[in-house]
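Biologist: I'd like to go through this model with you and ask what stands behind each label. Could you show it to me?

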Amino acid sequence: MDEKNTKKMLSAAKKRWKDTTLQQTLTKNSERIKSFHNLSNKEITTLYTPDDIHKDDYLANQNFPGQFPFLRGIHPNLYRGRLWTMRQFAGFGSAEETNQRYKYLLDHGETGLSVAFDYPTLYGYDTDHPCARGEFGKCGVAVSSLKDMEILFSGIPVDTITTSMTINGPAAIIWAMYIANAEKQHISKKINGGTIQNDILKEYIAQKSYIFPPEPSMRLIVDTFEYGFKEIPRWNTISISGYHIREAGSTAIQELAFTLADGLEYVKAATARGLDIDAFAPRLSFFFNAHNDLFEEIAKYRAARRIWAQELKKMGAKKDRSLLMRFHTQTAGCSLSAQQPEINIVRVTIQALAAVLGGTQSLHTNSMDEALALPSEKAVRIALRTQQIIAEESGVTYTVDPLGGSYYVEWLTDMMEEETYRYFDRIERLGGVIPAIEKGFFQREIAESAYRYQKEIDNHERIIVGVNDYQLDETIGIPILKMDEKGEERQINRLKKLRKNRDNQKVRERLDQLRKAAEKDHNLMPFILACVKEYATLGETCQVLRDVFGEYQELAIY
Amino acid sequence: MGKIRVLVAKPGLDGHDRGAKIVARALRDAGMEVIYSGLHQTADQIITTAIQEDVHVIGLSLLSGAHMTLFVDVATLAKKHDLQNVLIIGGGIIPEDDIPALKKAGISAVFGPGTPVEKIVEYIETYVKR
């Protein structure tokens with residue numbers, strides 16, 4: 001009997017099962033709720049069976065890990081060879097304080113660094129700029145010059161550890177500071193790789209720390225691609241991010257679709273410049289969220305790998321390495337409750353498990369106190385321990401893609417892929433990603449989903465433990481991180497001293513050369529590097545680019 | 001009596017606008033007239049808009065941790081402009097320990113994560129001065 005007939009017979013048998021066995025149960029007792037919808041608002045049925053899976057040609061659609069279309073993983077033996085990188089996003093106050101936190105995390109078994117910058121840094125302002133008022137060190141560490149970067153990484157071996165930096169608008173400048181610091185330590189070409197987020201499209205869409213308009217921003221990004229594969233080939237010059245899209249309120253499907261659409265936009269921009277796709281594509285990396293719906297999240301990562309491989313192949317990539325979607329995952333900050341904060345440890349465990357079962361390359365686990373403030377030392381240690389328990393004790397690392405072949409997960413994977421292509425079509429009809437941003441398409445889609453989710457919670461259609469059910473009337477008794485009150489003053493004094501003691505003649509020359517290069521179409525990385533090496537500050541360097549490129553203003557819609 | 005007029009504003013550099021947008025929409029759905037400032041507003045800009053739009057309520061949203069400076073800036077400037085009748089409320093990631101000082105500065109109420117939006121609607125309807 002051929003496969004088609006087997007499927008037909010199965011469908012018929014399933015219908016009989018539904019009408020008899022299942023129906024008997026439902027007649028006796030109705031289900032807890034009228035219908036079950038996952039976080040993407042897709043209805044989930046009682047049972048999934050082989051006939052639900054449409055992409056069922058194993059070798060063509062799933063295949064083995066390490067082989068196209070990489071659904072089951074990018075490495076043939078995944079965590080049996082090497083565990084994911086445990087990389088906690090951290091940064092607060094001054095470079096000194098954050099440097100201490102990094103050492104603390106490394107001492108406790110963290111295997112990669114991830115830098116959180118404060119808001120002024122994210123917007124390319126120095127700590128003493130008027131717009132920086134009140135923001136110093138609040139959401140991350142302040143880095144206003146190479147001097148701060150040197151302190152941030154003092155005593156940290158950048159030749160053996162990889163560093164990820166969440167920086168977008170001024171990514172090229174901050175990256176230049178990291179490179180310059182490594183050069184001063186005489187290890188430039190041996191930097192053990194790392195990542196700059198450098199994903200401006202999702203800034204316009206969701207995270208909103210943009211500086212320049214889309215066109216010059218895309219140019220800067222392609223500059224970093226080109227500089228990267230020529231000069232620092234192990235560096236990921238972008239981390240195409242769905243995380244913030246999800247945090248802003250999107251569904252998992254929207255996160256998947258919008259992130260991949262952004263990714264393809266960067267590929268188009270770089271190939272339009274004439275760069276060889278097989279030169280830069282291997283250095284494109286991704287960053288996803290891990291929310292509470294375990295299976296939906298796992299399916300999301302699997303679908304992402306397959307879609308990316310298929311699309312890159314269509315765009316002309318020849319090397320396998322160009323087709324691999326390597327990604328970092330962070331558990332969902334927006335899922336944490338301020339109420340009963342300790343129970344966040346449980347949420348984070350489920351989310352982290354989803355990331356690992358989905359084959360992530362690196363992982364950040366949130367701390368239980370993050371709906372209240374930046375994490376305390378103890379909270380961040382427990383978050384790291386959560387990863388270590390999954391890695392060392394749970395056994396989920398023994399085999400690759402353990403949920404592959406689960407009828408439910410395969411159905412979810414196929415369905416999310418189909419929905420993603422539907423979004424690709426809609427974006428295409430709007431003229432592409434940037435026109436869609438300018439029309440507010442993504443922003444509206446996300447706001448809709450966020451509002452629907454909030455309504456579901458307010459109407460008790462979705463239960464969040466400790467928030468709209470199982471509440472406790474207690475004062476929150478966990479310690480909040482306190483920052484060094486002298487940090488800001490110390491930082492401002494350092495800046496003043498720096499501006500006085502450096503070779504200001506040279507700084508002016510370098511900034512002027514950068515301006516001229518920006519007005520033409522030179523790759524700006526060498527010029528930026530020359531500025532920061534002379535201790536031109538972040539604000540000064542960024543201001544040159546602001547003058548040439550202008551600033552982006554968003555459409556305020558809700 | 002006409003509709004309650006609310007300015008939902010995002011002071012400072014913080015880009016987290018999910019909460020502000022949800023609140024703006026919920027207040028509109030509750031029958032209020034809502035003006036959303038958009039991102040990156042200075043205290044000056046917020047107060048100027050509040051005066052121009054003749055609002056009864058200013059709702060500030062901040063998740064960056066800069067509330068002790070930026071919320072207080074807005075409240076102080078409101079006093080300077082004799083806006084005693086404008087109700088100022090805030091929301092975001094705000095540790096409980098900071099709330100007494102914010103109230104003292106003139107922020108009438110602070111709504112943290114997990115607040116049902118109807119609670120904010122009720123609060124405004126109860127305490128709005130007009």
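**Labels and what backs them**

Modeller: Let's start with two helices of chain A: the axes of helix H14 (residues 344-357) and helix H15 (residues 377-392) come within 10 Å and cross at roughly 45 degrees. Axes here are lines fitted to C-alpha atoms, for helices over the stretch in contact, and angles run from 0 to 180 degrees between N-to-C directions. Helices (H or I, at least four residues) and strands (E, at least two) are DSSP runs, numbered from the N terminus. Keep in mind that this is a predicted model: local features need pLDDT of at least 70, side-chain atom pairs count only at pLDDT 80 or more, and totals for chains, interfaces and linings use all residues. Residues are numbered from 1 along each chain as its sequence is written, and chains are lettered from A and ligands numbered from 1 in the order in which they are written.

Biologist: Why are H14(A) and H15(A) called oblique to each other?

Modeller: Under 35 degrees would be roughly parallel, over 145 roughly antiparallel, 65 to 115 roughly perpendicular, and the rest is oblique. The two axes cross at roughly 45 degrees, so H14(A) and H15(A) are oblique.

Biologist: Which residues make H14(A) and H15(A) meet?

Modeller: Contact is C-beta atoms, placed from the backbone, within 7 Å. From H14(A), A:Ile345, A:Val348, A:Thr349, A:Ala352, A:Leu353 and A:Val356 meet A:Ile382, A:Ala383, A:Thr386, A:Gln387 and A:Ile390 of H15(A). By class, that contact has eight nonpolar, three polar and no charged residues. Ala, Val, Leu, Ile, Met, Phe, Trp, Tyr, Cys and Pro count as nonpolar, Asp, Glu, Lys and Arg as charged, and the others, Gly among them, as polar.

Biologist: How do you know that S8 and S9 of chain A pair?

Modeller: Pairing takes at least two bridges found by DSSP. Strand S8 (residues 327-331) and strand S9 (residues 362-364) of chain A are joined by three bridges and run parallel, so they pass. One bridge partner pair is A:His328 with A:Ser362 in S9(A).

Biologist: What makes S5 and S6 of chain A edge strands?

Modeller: Nine strands form an open, parallel sheet in the order S5-S4-S3-S2-S1-S9-S8-S7-S6 (chain A). Strand S5 (235-236) and strand S6 (238-241) each pair on one side only.

Biologist: And chain B, what sheet does it have?

Modeller: An open one with five strands, S2-S1-S3-S4-S5 (chain B), paired in parallel. Its edge strands are S2 (33-36) and S5 (109-111) of chain B.

Biologist: How many residues does each chain give to the contact between them?

Modeller: Chain A gives 31 residues and chain B 28 residues. H18(A) supplies the largest share of chain A's side, five residues.

How values were computed:
Two residues are in contact if their C-beta atoms, placed from the backbone, lie within 7 Å.
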